[in-house]
Amino acid sequence: MVLYVGLGNAQFGKKNSLHFKNSLSPGKDLSIYCTFNKESLGNVDLNHGETYVFSFHGKFDFKNKIDCNFRKESFYAKIRAFESGTGAFDHGKKNFWDAREDGIYFTHGKKAPKLEYTWIAN
């Protein structure tokens, strides 16, 4: 039996996951730097067409937040990639982020991705 809790696609006892995809034009790289509750998760570089998946359990903090900086050439976007209440209630959420030429798109995987953030020139 699968127990669904909260909004989106959360499932109790499952790890949360962030899926980052580089859908920029061929030859354009994407650099992503993220923090989890202000602790560094490091940097990931994606070539055109590559996807990176980060899986984790929520921490038992008041709020769980993952903030990321996306960079392509001389443009950047700051996004809130994940936010929830305490780790006890948000397991199994899936957030899909897709970097495209006009900005960063988001979906939980059930609907078509929507433009959430636009690129900012350095």
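Reader: Which residues does S31 touch, not counting residues up to four places away in sequence?

Author: The model is a predicted one. In it, S31 is found in strand β2, which covers residues 30-36. Leaving aside residues up to four places away in sequence, the residues that S31 touches are N43, V44, D45, N69, F70 and R71.

Reader: With which side chain does that of S31 make a polar contact of 3.0 Å?

Author: The side chain of S31 makes a polar contact of 3.3 Å with the side chain of N43. The contact of 3.0 Å joins the side chain of S31 to that of D45.

Reader: Which strands stand at the edges of the open sheet of five strands, and why is one side of each left without a neighbour?

Author: The sheet has mixed pairing and the order β4-β1-β7-β8-β9. Each edge strand has a single partner strand, so one side of it is left without a neighbour in the sheet; these strands are β4 (51-56) and β9 (114-117). Neighbouring strands of this sheet are turned against each other, direction ignored, by an average of 25 degrees.

Reader: Which residue in β9 stands opposite I104?

Author: Strand β8 comprises residues 103-107 and pairs with β9 in the antiparallel sense over three bridges. Opposite I104 stands the β9 residue Y117.

Reader: What percentage of the residues of the protein chain count as buried?

Author: The protein chain has ten strands and zero helices. A residue is counted as buried under 20% relative accessible area. Of the 122 residues, the buried share is 39%.

Methods. Residues numbered from 1 in each chain as written. Predicted model: local features only at pLDDT ≥ 70, side-chain atom pairs only at ≥ 80, totals over all residues. Heavy atoms only, no water. Helix = DSSP H or I, 4+ residues; strand = E, 2+ residues; numbered from the N terminus. Polar contact = N/O pair within 3.5 Å; in protein donor to acceptor, adjacent residues only side chain to side chain. Contact = heavy atoms within 4.5 Å. Pairing = 2+ DSSP bridges. Axes fitted to C-alpha atoms, helices over the stretch in contact; angles between N-to-C directions. Buried < 20%, exposed > 50% of the residue type's maximum accessible area, 1.4 Å probe, protein only.
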